[in-house]
Amino acid sequence: MFKIRKLYLNINQKSLDNLCSSLQIDSSDREYYKFQRLITVVNQAYLKIALKEFYSIKSNNPEKEINSNFNFLMSLYNKHLREHQVMFLLLNIFETAIRSKCAVELSLKYSSSNCDDWLHNTTLTPKKMKKPLEEATKKILQDGETINNLDSFEIFDYIMLGQLQSIYKDFWNDLSHLFIAKTINGINFPQIGKRTFEKTFEEIRKARNDNAHHKPFHKTRKRRHQIIEDIELILIHIGFNLNDAINNIDSQHKIIKLKYI
């Protein structure tokens, strides 16, 4: 217990010292106690970004009047947190749309006429779906559900994004028609080939995982605007109107700036 407590204090102090250094304050500062509490409850990665931005603003504009270091820092932190939240919603929109489209296309291809039975009838289920279906079934049982009571949409909700990525790869012959060249609202969209789709999906998946684990986009991966552009392009191909969806989460398009609409 003593060692755990000591480690906690060391981590706590390290973060606090970094904050004080960035803000050029010490324990005599009138808001010091606020910062002491702040560092124990915020996302450290985004706090570091906000501190770096704070330091840059003060260095480039030393005459800038800041009545409260705490409030100003929180305004920077919350700005980045807002961006994170908006991107979470965008990535969720992408995942939901690409998942549903896959479920529809494959169900129509492999189910009996006018039925949705391809995942219930083993004679209809393609071998390439066996493994993801088995893993989904385990999760469904853990939730106290019975797979036979669920339709393709509900079953696909139990399929991990990485598995969904593999399904698009394995069933590309059945899904590639979604990504042929097309003209929409006078804009020509080129065909998305299998390799390009796989690479693009992988980048989006990585960004989604970073976001889900409360991490800023990794510096070695695509920048935010590139991820947004990739998402927009794929959703356009599958017939999803991203503009309407974005208006509900970023109405002024300050964070999500669409390229094609």
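Which side chains meet in a salt bridge with an N to O distance of 2.6 Å, one of them being that of K109? The legends below take up this pair and several other places in the structure, which is a predicted model.

**View 1. The salt bridge between K109 and D174.** The side chains of K109 and D174 meet in a salt bridge, with 2.6 Å from N to O. K109 belongs to helix α4 and D174 to helix α8, which spans residues 172-175, so this pair ties together parts that are 65 residues apart in sequence. The two partners can also be described by their accessibility: K109 counts as partly exposed because its relative accessibility is 47%, whereas D174, with a relative accessible area of 15%, is buried.

**View 2. The salt bridge between K79 and E53.** Here the side chains of K79 and E53 form a salt bridge, and the N to O distance is 2.6 Å. K79 lies in helix α4 (residues 69-110) and E53 in helix α3 (residues 44-60), so the contact ties together parts of the chain that are 26 residues apart in sequence. K79 is partly exposed, at a relative accessible area of 36%, and E53 is partly exposed as well, at 22%. Across the whole structure, the count comes to six salt bridges.

**View 3. E95, R99 and R208 in a network of salt bridges.** In this view, salt bridges link E95, R99 and R208 in a network. Within it, the side chains of E95 and R99 meet with 2.3 Å from N to O. Both E95 and R99 lie in helix α4, where they are four residues apart, about one turn of the helix. E95 is buried, and R99 is buried too. As a general point, side chains of opposite charge can pair when their charged atoms come close.

**View 4. A patch of negative charge on the surface.** Five residues, D143, E145, D151, E154 and D157, gather on the surface in a patch of negative charge. One of them, E154, lies in helix α6, which covers residues 152-156. With a relative accessible area of 34%, E154 is partly exposed.

**View 5. Cysteines without a disulfide.** A search of the whole structure finds zero disulfides. C102 is accordingly in no disulfide, and the nearest cysteine sulfur, which belongs to C115, is 20 Å away. C102 counts as buried because its relative accessibility is 0%, under the cut-off of 20%. C20 also counts as buried, at a relative accessibility of 8%.

**View 6. R221 and R223 in the loop between α9 and α10.** R223 lies in the loop that runs between α9 (194-212) and α10 (224-237), and R221 has its place in the loop between α9 and α10 as well. R223 is exposed because its relative accessible area of 59% is over the cut-off of 50%, whereas R221, with a relative accessible area of 31%, is partly exposed. Between R223 and A207, which are 16 residues apart in sequence, the distance in space is 9.4 Å from C-alpha to C-alpha. For R221 and V41, which stand 180 residues apart along the chain, the C-alpha atoms are separated by 27 Å.

Terms used. Residues are numbered from 1 along each chain as its sequence is written. This is a predicted model: local features need pLDDT of at least 70, side-chain atom pairs count only at pLDDT 80 or more; totals for chains, interfaces and linings use all residues. Side-chain values use heavy atoms; hydrogens and water are left out. A disulfide is a pair of cysteine sulfur atoms within 2.5 Å. Buried means under 20% relative accessible area, exposed over 50%, partly exposed in between (1.4 Å probe, protein chains only). A salt bridge is a side-chain nitrogen of Lys or Arg within 4 Å of a carboxyl oxygen of Asp or Glu. Helices (H or I, at least four residues) and strands (E, at least two) are DSSP runs, numbered from the N terminus. Patches are made of residues with over 30% relative accessible area and no salt bridge: like charges are joined within 9 Å, nonpolar side chains (Val, Leu, Ile, Met, Phe, Trp, Tyr) within 5 Å. Accessible areas come from the Shrake-Rupley method with a 1.4 Å probe; for residues, only the protein chains shown count as cover. Lys and Arg count as positive and Asp and Glu as negative; His and the chain ends are not counted. The place of a charge is taken as NZ of Lys, CZ of Arg, CG of Asp or CD of Glu.
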